[in-house]
Amino acid sequence: MIELMEDERDDEDEVRRHRIAVLGAVIFSGAEESRRERLARRQARRIYLIRGDLLPNPRSNTPWQALYLARNDRAFITTMGVDVSTFNHLLSAGFMTIWNTTPIPRDDIPTTAVPRAHRRSLDSAGALGLVLHWLNSTMREVSLMQIFALIPSTVSRYLNFALAILLRTLKHIPEGIIQWPAGDKFQELNYLVTARHPLLTGAFGTLDGLNLPVQTSSDQEIENATYNGWLHDHFVSSVIAFAADGNIIQCRLNAPGSWHDSRVAQPIYEKLRKETPAGYYLVADTAFPRGTDQIAGRIKAPIKAGQRLPSDEIERENLLAFDRQLLSFRQTAKWGMRTLQGSFGRLRIPLDINHSEQRRDLLEACVRLNNLRAQKVGISQIRSVYMPIWVQNEQEEVWAHFESMLFSEQRQNDRVARFHHM
């Protein structure tokens, strides 16, 4: 009898263990099915690419490689804003050396690590091409992944690293220098002005403000600082001084959008006050002060609407003739700003509000690249060669009215994406 009862208990234990095992299997199966469903939903919503979605080798047979090996000036200007000669100049001027000898910053690798450039997905030319594509376009990073066959994390890491190298290179080459004139340079610049506007004796450049859109910050102080009540949106403000030869000779970048141009321009006022000979001046609009004792006569602007004119007819005619030439020359600043925003598509979409230093580096790189272009190809060639290519590849209405377009339209009409048929 006792043995029979023990056998019954063993059977009950076995049945219980079996039920537990079955229940465990059901739970595991359900969890696995739930995991697969979540993965499927994530994949359906995924807006990035994985290695299996891309070409297998970023260094071979990619759209970038086809563009680079063709060595076509028009294609280089359309996609990267520079011709083949200028691209090679940047490589040989330091970009290639720094890329090959500097480890890419990563949290899991010490800064003293020996770089292994041959193991990287892109060589130095590819890295320079990547950052120039990004600067000159409005397209999303997913398009860069397709063009360069890179996964998202690599694109982000390479862009940050390549931008820092590009800026470092531009700072150390003569063509990338941002420098206030000195000595006889003022007279040389004025000769360029008076050759077309003979009444503007002493003018050597123009001054204007530039407001660039930024994302809205969740930080209330930053949100207030970047909000421009006049334009009813969020911006960062910059003031840029262009010399008559097309070079940028001074700038103040990345200031809060709520600041007035005259406040942003304080460092330029100091240059006018301390480092500009008597008789020389910049031409600006009426937003910039011209009557203060410290910079009296160093900034001139066209006549304001409604301003009282001299009663003497000859004096009035002379003033109006001077004003017409002043107004005509001031348009060169507007053209310079349009060249910056038109050629560097990245400046036409909201900039990242959370990384001020990276945003500053982006703006400085664009300014220095502008000087590189002006000196390597000449300001007249930018007007006659570069601009027609940019305009033709990005529709004339986009180039002329990008400041009033939606950001989605900016991306839809991006000339770099159109070139690669993205």
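Modeller: Let us start with N247, which sits in the loop between β3 (233-243) and β4 (248-256); please keep in mind throughout that this is a predicted model.

Biologist: Is N247 buried or exposed?

Modeller: Buried means under 20% relative accessible area, and N247, with a relative accessible area of 12%, is therefore buried.

Biologist: Which residues does N247 touch, not counting those up to four places away in sequence?

Modeller: N247 touches A241 and F242, and also N371, A374 and Q375.

Biologist: How should I think about the nonpolar residues, and which members of the largest nonpolar core touch the most other members?

Modeller: The general idea is that in soluble globular proteins nonpolar side chains tend to be buried together. Here the largest nonpolar core has 65 residues, and those that touch the most other members are F87, F95, L128, L132, L135, L166 and L369. Helix α7 (residues 152-171) gives this core its largest share, 10 residues. If we take L128 as an example and leave aside its neighbours within four places in sequence, L128 is in contact with F87, L90, L91, F95 and L166. There is also a second, separate core of 21 residues, which includes W180, V264, A265 and A284.

Biologist: At what angle do α4 and α7 pack?

Modeller: Helix α4 (residues 84-101) packs against α7 at an angle of about 135°, and their axes are 9 Å apart. Angles over 145 degrees would count as roughly antiparallel, so at this angle α4 is oblique to α7. The crossing of these two helices, α4 and α7, is right-handed. On the α4 side the residues that meet α7 are L90, A93, G94, F95, I98 and W99, while on the α7 side they are Y158, F161, A162, I165, L166, R168, T169 and L170. The residues of this contact of α4 with α7 divide into 11 nonpolar, two polar and one charged.

Biologist: How do α6 and α7 cross, and which residues make their contact?

Modeller: Helix α6 (residues 141-148) and α7 cross at roughly 95°, with axes that come within 10 Å. Since 65 to 115 degrees counts as roughly perpendicular, that angle makes α6 roughly perpendicular to α7. In this contact E141, L144 and M145 belong to α6, whereas P152, V155, S156 and L159 belong to α7. The residues of the contact of α6 with α7 divide into five nonpolar, one polar and one charged.

How values were computed:
Residues numbered from 1 in each chain as written. Predicted model: local features only at pLDDT ≥ 70, side-chain atom pairs only at ≥ 80, totals over all residues. Heavy atoms only, no water. Core = buried A, V, L, I, M, F, W, Y, C linked by side-chain atoms within 4.5 Å. Buried < 20%, exposed > 50% of the residue type's maximum accessible area, 1.4 Å probe, protein only. Helix = DSSP H or I, 4+ residues; strand = E, 2+ residues; numbered from the N terminus. Contact = heavy atoms within 4.5 Å. Axes fitted to C-alpha atoms, helices over the stretch in contact; angles between N-to-C directions. Parallel < 35°, antiparallel > 145°, perpendicular 65-115°, else oblique. Left-handed = near helix turned anticlockwise from the far one by under 90°. Nonpolar A, V, L, I, M, F, W, Y, C, P; charged D, E, K, R; others polar.
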